[in-house]
Amino acid sequence: MDNLTAAPAKEMERNESSVEGKSRQRRSGWFWIALSALASLRLTVFLFALALILVFAGTLAQVEMGIWTAVSRYFRSVYVFMPFQLFVPATVKIPGGFPFPGGWLIGGALMANLLAAHAVRFKLTWARSGILLIHSGLVVMMLSEFITGVFANEGIMTIVEKGTSNYLEDSTSCELAIIDPAHPDGEHVAVIRDSMLKKGGLIHNDKLPFDVQVVEYMVNSGYPTPTGKGLATKGDGVGLSAKALPEVSGTDPEQKIDVPSAYVTIKNKRTGEDLGTYLVTLWWSDPGRMGETEKPQKVQVDGKTYDMTLRMRRTYKPYTIYLKQFKHDLFPGTALDKQFASTVRLIDPVNNQEREVEISMNRPLFYEGESFYQSGWIPGDLGTRLQVVHNPGRAMPYISCFMVSLGMLIHFGIHLTRFLRRELAS
Amino acid sequence: MTLIVPRATIKPCNLPETRRRCISVPRLHPSPHRRSVCHRKLLAMHKTILSSFRTNHASPGRAGFLSFALVPLAFFAIGCGKEEIESYVAPRPVEFKEEEDASTGSKTRMLAAMVPASNSVWFFKLEGPEATIASHKADFDAFLASVKFNDQGNDPISWTTPKGWRQEAGAKGRHATLVLESKENPLELTITALPEAAGDVSANVNRWRRQLGLAPALGPQLAKVTTERKVGNASGITVDFLGTKAADGMMSRKARPKMAIPEPRDQASNQAPVKYTKPEGWKELPPQRASLPGTITLEVADGSDKAKITITPLAGQAGGLKANVDRWRGQVNLPPADEDQLKRDVGTIEVGGKKVSYVDLKGPEQRMLVAIVPQGAQSWYFKILGPVKLIEKEKKAFEAFVKSARFQGDSDG
């Protein structure tokens with residue numbers, strides 16, 4: 001089949017395939033056909049076009065909804081329902097929408113396409129080593145985004161000076177916490193995440209000491225005031241009502257946090273008896289993080305008293321951080337911030353670690369796969385806020401960039417040397 | 001000098017035709033009609049793309065790489081089941097107490113009082129070794145009881161210097177200093193006046209606590225470490241702290257007592273945060289130093305009768321409705337209210353299309369009307385206090401005044 005004496009055209013093609021000496025076979029079988037279809041460059045271009053539209057739509061969407069809602073709906077999902085309203089000015093009202101592939105579906109398909117292309121058109125030669133490295137770097141980048149989306153979590157640890165903390169709080173999501181302070185093991189907590197509260201309806205679960213019926217859940221709300229019709233019949237919310245507000249827009253320059261509120265009716269698990277409707281709100285859990293203590297409400301069921309509070313989602317850690325001192329330095333003679341530094345003591349009884357560390361701007365603490373950054377402070381310099389990030393994929397974007405850069409250098413280097421060699425030969 | 005332009009530069013080519021030919025017979029050698037550089041590149045790129053569409057050059061040995069085609073499927077397998085209801089035992093944080101540094105010796109005790117009066121906020125502070133202060137606490141209390149604030153007159157404040165103490169003129173921004181001479185334990189009682197903006201209780205109390213190495217008192221804890229009491233003919237708060245003074249002694253740069261620490265909740269409200277229509281006969285007064293930061297004060301008079309109107313923004317629950325009503329009842333000489341009485345005292349008034357709380361308290365001689373208008377996390381308190389007859393006369397004007405209020409950023413409620 002190979003005709004080595006053929007015209008330069010054939011020689012060119014042979015060089016292109018670069019599997020020298022091996023005969024080219026047409027592989028049959030459905031698997032290879034399918035794989036070849038998956039490897040198509042047309043598919044790559046099509047997927048890129050989809051990605052363009054998705055990014056555009058996601059960017060428009062976050063004007064009306066918060067950033068994190070837009071990210072989770074458009075980019076960290078398999079599909080998304082895009083309303084027509086997104087693409088037209090607000091004065092024109094168009095109902096309905098259409099389903100569209102989400103970030104993970106497009107990303108996954110792109111990666112499948114890339115890997116299939118390599119399988120089908122595999123050329124492991126030095127000439128292609130640069131391209132291989134670039135593509136591997138892209139694979140690493142896509143994987144890192146997926147790993148980050150699924151496995152990463154972060155939160156803020158607010159510690160008053162001379163105080164301790166062993167949990168993180170996530171200001172983008174909340175939970176209804178039901179605490180049994182008299183449990184023999186310690187503070188026994190059952191939490192209902194906001195994703196479940198948003199769905200509404202009756203929540204019945206073995207882990208909860210009573211049933212919770214969500215009458216109304218407000219993603220963002222105003223401070224409870226005596227005006228308006230309050231639905232609460234028991235607890236601190238009697239006579240007060242919280243006004244529902246729209247979600248903080250992704251384009252809001254101040255980027256305030258959403259402060260949710262909800263009316264929940266407590267019901268006895270066994271008898272179904274209505275034990276009152278409570279107003280629970282994040283406002284009473286110090287959302288401004290001024291360091292005030294939260295005020296849980298008391299719920300009595302079957303002779304036992306539980307504390308109930310709507311608070312920011314908490315992640316407890318096996319270690320404790322004690323804030324020895326918080327320093328907030330200004331440039332002398334000015335009101336400009338120079339440095340924020342927290343002298344903390346890390347106490348980890350599980351790993352038998354106890355040491356004093358200073359965490360300051362650009363000098364985070366790295367411990368057990370988590371990074372502690374000096375993120376903010378309690379007004380009045382009364383305490384610190386540390387951002388604790390757990391991201392198993394944190395090194396991957398760096399590795400990916402390195403691989404892509406190296407691949408590009410190699411690839412262009414190969415072409416350059418080829419070109420120079422030809423120039424010298426001629 | 002003429003420029004010699006080489007002949008074969010840019011010559012247009014009929015692209016579709018040549019493209020077809022190029023695919024099957026690429027020309028690497030110079031061709032009769034030279035194509036432009038960019039055209040050649042375009043052809044090469046096009047050829048590469050089209051050649052990749054061909055799938056007939058699979059070769060053995062690639063099976064091993066098929067497995068990673070399955071990787072994208074893993075995308076959907078993981079991460080779908082985040083628990084929506086969880087229960088756990090919340091671990092208690094490890095208790096940690098800093099070691100008492102024995103080398104610094106005895107503890108420092110601080111007695112201080114903060115009193116808003118006479119257009120300023122007055123600070124009275126006495127600090128020293130624990131034992132010394134204990135023996136002179138009575139002097140401090142006696143001094144506080146003797147303080148007199150004068151709204152008019154040249155001297156805004158007067159007091160009786162305790163026996164054994166000597167008065168010195170104030171240095172470095174202090175109004176005055178009372179000194180107790182002693183070889184071993186000299187004491188200084190400082191008297192300072194600062195503008196009302198520096199009168200935030202939490203900021204000052206916590207600044208003192210930090211100076212003594214004590215943990216800050218926040219929120220409800222603040223009430224536990226402070227005492228409200230009468231100081232002379234005014235009232236303020238007092239504190240009594242015991243701690244260890246840091247080595248650098250004097251207030252460091254970090255403590256900024258003069259800075260009015262603005263509540264983050266009402267940032268960007270430097271210009272009139274509330275606008276209103278002033279009723280006929282009402283007079284605006286300059287900012288009263290004795291009042292809470294951000295308060296606007298007005299006055300209306302009828303002969304010798306005077307009524308004071310204030311507009312105050314307060315954050316959050318401001319102590320709670322009942323607590324405030326009881327306090328106001330005290331101000332018009334009424335006993336605290338029980339639940340039924342509370343329902344009778346608190347009515348509603350419509351402001352900006354919303355119904356807000358409206359408290360009407362009629363005491364034996366004085367009457368008070370308060371409208372509480374919520375704005376986000378803050379509430380604006382519109383209060384008028386004066387003799388019963390005058391308030392009766394001004395009630396309509398007061399209501400119109402409250403209804404005319406417009407706040408900054410008034411689109412939301």
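Trainee: How many helices and strands does chain B have?

Mentor: First, this is a predicted model, where local features need pLDDT of at least 70, side-chain atom pairs count only at pLDDT 80 or more, and totals for chains, interfaces and linings use all residues; side-chain values use heavy atoms, with hydrogens and water left out. As for labels, residues are numbered from 1 along each chain as its sequence is written, while chains are lettered from A and ligands numbered from 1 in the order in which they are written. Helices (H or I, at least four residues) and strands (E, at least two) are DSSP runs, numbered from the N terminus. Chain A has eight helices and 18 strands, and for chain B the tally is nine helices and 19 strands.

Trainee: What percentage of the 413 residues of chain B count as buried?

Mentor: You need the cut-offs here: buried is under 20% relative accessible area, exposed is over 50%, and partly exposed lies in between (1.4 Å probe, protein chains only). In chain A, 44% of the 426 residues pass as buried. For the 413 residues of chain B, the figure is 37%.

Trainee: And of the contacts in chain B with a separation of 6 or more, what percentage comes from residues 24 or more positions apart?

Mentor: A contact means heavy atoms within 4.5 Å. In chain A, take the contacts between residues at least 6 apart in sequence, and 57% join residues at least 24 apart. In chain B, residues 24 or more positions apart make up 53%.

Trainee: Over in chain A, is A:Asn352 buried or exposed?

Mentor: A:Asn352 lies in the loop between strand 14 (337-348) and strand 15 (353-360) of chain A. Its phi is positive, about 55°, although A:Asn352 is not a glycine. With a relative accessibility of 73%, A:Asn352 counts as exposed.

Trainee: What is the phi of A:Asp302?

Mentor: You'll find A:Asp302 in the loop between strand 12 (297-301) and strand 13 (304-330) of chain A. A:Asp302 is partly exposed, with a relative accessible area of 49%. For this residue other than glycine, phi has a positive value near 50°.

Trainee: How are helix 3 and helix 4 of chain A oriented, roughly parallel or roughly antiparallel?

Mentor: Axes are lines fitted to C-alpha atoms, for helices over the stretch in contact, and angles run from 0 to 180 degrees between N-to-C directions. Under 35 degrees is roughly parallel, over 145 roughly antiparallel, 65 to 115 roughly perpendicular and the rest oblique. Helix 3 (residues 41-61) and helix 4 (residues 67-75) of chain A pack at about 155°, with axes 9 Å apart. That's why helix 3 and helix 4 of chain A count as roughly antiparallel.

Trainee: How does the contact of helix 3 with helix 4 of chain A split by class?

Mentor: A:Leu54, A:Val55, A:Ala57, A:Gly58 and A:Ala61 of helix 3 of chain A meet A:Ala70, A:Tyr74 and A:Phe75 of helix 4 of chain A. Ala, Val, Leu, Ile, Met, Phe, Trp, Tyr, Cys and Pro count as nonpolar, Asp, Glu, Lys and Arg as charged, and the others, Gly among them, as polar. By class, that gives seven nonpolar, one polar and no charged residues.

Trainee: Which residues of helix 2 and helix 5 of chain A make the contact?

Mentor: Helix 2 (residues 30-38) and helix 5 (residues 103-120) of chain A pack at about 125°, with axes 8 Å apart. That makes helix 2 of chain A oblique to helix 5 of chain A. From helix 2 of chain A come A:Leu35, A:Ser36 and A:Leu38, and from helix 5 of chain A come A:Ala112, A:Asn113, A:Ala116, A:Ala119 and A:Val120.

Trainee: How far does helix 6 of chain A reach from its first C-alpha to its last?

Mentor: The expected span is 1.5 Å times one less than the number of residues. Helix 6 (residues 129-151) of chain A has 23 residues, and 33 Å is expected. Its reach is close to that, at 32 Å.
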